Amino acid sequence: MTAPRPPGRVWVSTGHAHIEVNYADGRVLLHPPSVAVPPDAVPHVRAVTSPSWGTSELDAVLPPAPQAPWHWKAAALPATVATAAVLLCGRRHRRLARLARLTAIGHRLPAADTVQATHAVRAARWAARLLPARWACLEESVTAALALAAAGRGAHWRHGVATDPVRLHAWLASPDGTPVEEPPSTGAYTITHTVRPPRRTP
């Protein structure tokens, strides 16, 4: 089994516009609805019946998460260093592609259960507080996936785009697809790339 690769580019159509997420060069572009979806793009549809014009409320800050067990924190520290190294080493416009591929490091491992994924996410957020730099959801979710791989488990990783307003997000999910340690507003995201480990766990 080869590691899952990110799609080249994804187009999410809302009826009012096309949102292009290009995993090859890291660009996110907004196209008018008159522009045709390229044949090499992976299409998705996320209908927006009436734009909110910024009046809908969004969770801007996650509440403080409970502490993770110490051994998960220990795994999150080198995972954070590895994520930072992959983030910073290489061309800037390829960061999204590099990090998306890194999440697949545990794709052959047994799938993590909800408790393990929860501990990994909490530990990744704890480790992120030690960094004197911006560490957003993408880097955080990659760190959690690496911590799970260090524990011999594969992560259910998701990356998606929301349409009103347009924004990107990355997160871990439980085996049934429920976002782990995420607010209900995560359901507003259309999943554009996912990594799934084997379903069976020993």
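**Ground rules**

What you're looking at is a predicted model, in which local features need pLDDT of at least 70, side-chain atom pairs count only at pLDDT 80 or more, and totals for chains, interfaces and linings use all residues. Residues are numbered from 1 along each chain as its sequence is written, and side-chain values use heavy atoms, with hydrogens and water left out.

**The overall layout**

Let's start with the big picture. The protein has 4 helices and 7 strands; here helices (H or I, at least four residues) and strands (E, at least two) are DSSP runs, numbered from the N terminus. Reading from the N terminus, the order is β-β-β-β-α-α-α-α-β-β-β. Of the 202 residues in the protein, 47% are buried. "Buried" means under 20% relative accessible area, "exposed" means over 50%, and "partly exposed" is what lies in between (1.4 Å probe, protein chains only).

Contacts are worth a look too, where a contact means heavy atoms within 4.5 Å. Among contacts in the protein with a separation of 6 or more, 69% are between residues 24 or more positions apart.

**Salt bridges**

Side chains of opposite charge can pair when their charged atoms come close. A salt bridge here is a side-chain nitrogen of Lys or Arg within 4 Å of a carboxyl oxygen of Asp or Glu. The structure holds 6 of these salt bridges, and the table gives some of them.

| Salt bridge | N to O distance |
|---|---|
| Glu 20 and Arg 9 | 3.3 Å |
| Glu 181 and Arg 122 | 3.2 Å |
| Arg 125 and Glu 182 | 3.2 Å |

Take the salt bridge between Glu 20 and Arg 9 to begin with. Glu 20 sits in strand 2 (residues 18-22) and Arg 9 in strand 1 (residues 9-13), 11 residues apart. Glu 20 is buried, at a relative accessible area of 3%.

Next comes the salt bridge of Glu 181 with Arg 122. Glu 181 lies in the loop between strand 6 and strand 7 while Arg 122 belongs to helix 3 (residues 114-128), so this pair ties together parts that are 59 residues apart in sequence.

The salt bridge of Arg 125 with Glu 182 links helix 3 to the loop between strand 6 and strand 7, across 57 residues. Arg 125 is buried, with a relative accessible area of 11%, and Glu 182 is buried as well, at 18%. Salt bridges that share partners also join Arg 9, Glu 20 and Asp 40 into one network.

**A closer look at Glu 181**

Most residues other than glycine have a negative phi. Glu 181, though, has a phi near 55°, a positive value. The loop that holds Glu 181 runs between strand 6 (166-173) and strand 7 (190-195). Glu 181 is partly exposed, with a relative accessible area of 24%.

His 18 lies in strand 2 and counts as buried, at 9% relative accessibility. A polar atom of the His 18 side chain is 3.5 Å from the backbone oxygen of Pro 33. Leaving aside neighbours within four places in sequence, His 18 is in contact with several residues, including Trp 11, Leu 29, His 31 and Val 37.

Gly 26 is in the loop between strand 2 and strand 3 (28-31), and is partly exposed at 32% relative accessible area. Gly 26 and His 93 are 67 residues apart in sequence, yet 5.2 Å apart in space, C-alpha to C-alpha. Not counting residues up to four places away in sequence, Gly 26 touches His 93 and Leu 96.

**Helix 2 and the elements around it**

Leu 96 brings us to helix 2, where it is one of the buried residues. Helix 2 is mostly covered, with 6 of its 8 residues buried. Strand 2, helix 1 (70-88), helix 4, strand 5 (156-163) and strand 7 are included in what covers them.

How do helix 2 and helix 4 pack, and at what angle? Helix 2 (residues 95-102) and helix 4 (residues 137-150) pack at about 25°, with their axes 9 Å apart. Axes are lines fitted to C-alpha atoms, for helices over the stretch in contact, and angles run from 0 to 180 degrees between N-to-C directions. The two helices are therefore roughly parallel to each other, a label for angles under 35 degrees.

How values were computed: A polar contact is a pair of N or O atoms within 3.5 Å; within protein, one must be able to donate a hydrogen and the other to accept it, and residues adjacent in sequence count only if both atoms are side-chain atoms. Angles under 35 degrees count as roughly parallel, over 145 as roughly antiparallel, 65 to 115 as roughly perpendicular and the rest as oblique.
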